[in-house]
Amino acid sequence: MKKLFITILVFFLIADVNFSSENILKNLIKQGIQETYSLNIDKAEEIFNKAINQYPSNPQGYLYLSQIYLWSYLGSKEEADLKLFNTYNNLAVERIDSLLQENSKNVNTIYLNGLAYQLKAMAYTTQGSSLDAFWAAKKSVSNYEKTLEIDSTFYDSYLGLGLFDYALSFVPSFFKWALTISGLSYDKDRALKYLTIAYNKSSKSKSESAFHLSKIYLEYLADYKKASSYLDFLIEKYPNNSLFLYQNAVLHINSKQFDKAKKSLEKVIKIDNKYFKQTTAFSYFLLGEIAFRKNDFETALRNYEEFIRLTKIIDYTGLANYRMAVCYAVQNKSEFAAKSLQLAKLGNPDISDDSFAKSRAEAYYTRILDDKFLQVQQIENLAYTKKYNEVISMSYKIDSLSQDDSSRVIISLIEANLNLKNWDKFLEYSEKIENLKPKYEKWVDPFHYYFLAEYYFIKKDFENVKKFLAKARDYDDYIFKNELVAKLNNIERRLKKQK
């Protein structure tokens, strides 16, 4: 009897030690993740290294440390961070594989495997290794789906599934065959559903789900109010997270709340997180965009120059240089304008803004100092910043425009009169633009049909709304497409609510 009692006592002591050990690791990981989302990278790194030292056979310390290095690489483009990511991610996968050999149905281990390969897919994508990214994505999705087969309430997996549903929808058409081979699929509406489940039902994935939901509501549905609600939640929780502040600025620029955007960007620059230098660089670019759209070309030029000085990648350098050329042209600095136009052709061709800059630089190289060209740009900027009465008054002052210049001015007048509810003028300019045949500004036609859809929505003529939505969607290859498609999606969602 005494021997039995000692055996039972030893069992409970061991169980208590194991339980205590699991709790210590769990708390370490929780603390580390909290510091990661606060972008206190040094502190998070210290905590995850402590987890590795105390629990070397557990994959979590290695995995979440690798995530830090991947985020740092994305935020700074330092190759050393990418190497550290690969090292620690591979160490995590080795330990995950060992645990799965012991118990192939442990839902937590399977989830960690999904996360490990999700991070690998992100890394491969940033390096341009598309096929490797597809196979890593396939393995990640398979693991997430397996967790839900075992436990339908394992809500963390919905975050990963939602991310892939959304990310894969942006795969270029010439890579669609790879999706077929890998068996991957995508659905933006399903992404929204899955991310909402993760946000509402998973405490561990709530913050990251909120971030991606804000992006979907902004980029896919142009629902600025909904996007803002998620970012407000994140910024209240993590007030010094440069990534959340930067995304908040992007949102406010899209919703034409430029003072709020500027405030967020200035805070990113003030924080100047050493692990996210590229985010700081992009903040100067967006400050340049705000000033440019306000026709404050001197301030815009200073911010674009600072962006060019700080950036480590070519993304958005094309657009920055094109804008700089316009700024120089306003200052009658023709030599600088010409140089910037040449550089505008060297941005990232995979980014629509840089593609736009290249086409504009090629199309208008001989006209960049033209007074009428600069006046048209100023009218566009006035429309962009909702100064609709000024659009109308300034438009009266220029005439004898080319078909392309006319199309740019008239689409600004259409937007202005729509928002001012000058219905007769709106319809008058709408009729005028139908007769124009611009050579370069092919984007004008689909935007015109979008404005017509908005007009008929206001008039509750829903058949015409559908008609002009369809006309707008008939266009495929034009600049600003992503911006317009989000607006079209927004109208369609509002249209469904009318039924």
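A few ground rules: residues are numbered from 1 along each chain as its sequence is written, and side-chain values use heavy atoms, with hydrogens and water left out. Because the model is predicted, local features need pLDDT of at least 70 and side-chain atom pairs count only at pLDDT 80 or more, while totals for chains, interfaces and linings use all residues.

**Confidence**

pLDDT is the predictor's confidence in each residue, from 0 to 100. The protein's mean pLDDT is 91, and 92% of its residues reach 70 or more. Residues 4–15 are another story: their pLDDT is below 50, and beyond near neighbours in sequence the stretch has zero contacts in the model (contact means heavy atoms within 4.5 Å). Where pLDDT is low, the predicted coordinates should not be read in detail.

**Two helix pairs**

Helices here are DSSP runs (H or I, at least four residues), numbered from the N terminus; strands are E runs of at least two. Axes are lines fitted to C-alpha atoms, for helices over the stretch in contact, and angles run from 0 to 180 degrees between N-to-C directions.

| Pair | Angle | Axes |
|---|---|---|
| α19 (residues 371–384) and α21 (residues 403–419) | about 20° | 9 Å apart |
| α11 (residues 224–237) and α12 (residues 242–254) | roughly 160° | within 10 Å |

Angles under 35 degrees count as roughly parallel, over 145 as roughly antiparallel, 65 to 115 as roughly perpendicular and the rest as oblique. So α19 and α21 are roughly parallel, whereas α11 and α12 are roughly antiparallel.

What meets what? In α19, residues including Phe 373, Val 376 and Glu 380 meet residues of α21, among them Arg 408 and Val 409. By class, that contact has five nonpolar, two polar and four charged residues. (Ala, Val, Leu, Ile, Met, Phe, Trp, Tyr, Cys and Pro count as nonpolar, Asp, Glu, Lys and Arg as charged, and the others, Gly among them, as polar.) For α11 and α12, the residues that meet include Leu 231 and Leu 234 in α11 and Phe 244 and Leu 251 in α12. This contact has eight nonpolar, four polar and no charged residues.

**Two single residues**

Ser 340 sits in helix α17 (residues 334–343). Is Ser 340 buried or exposed? With a relative accessible area of 4%, Ser 340 is buried (under 20%; exposed is over 50%, partly exposed in between, with a 1.4 Å probe and protein chains only). Leaving out residues up to four places away in sequence, Ser 340 touches Asn 321, Met 324, Ala 325 and Tyr 328.

Asn 422 lies in the loop between α21 and α22 (423–434). Asn 422 is partly exposed, at 30% relative accessible area.
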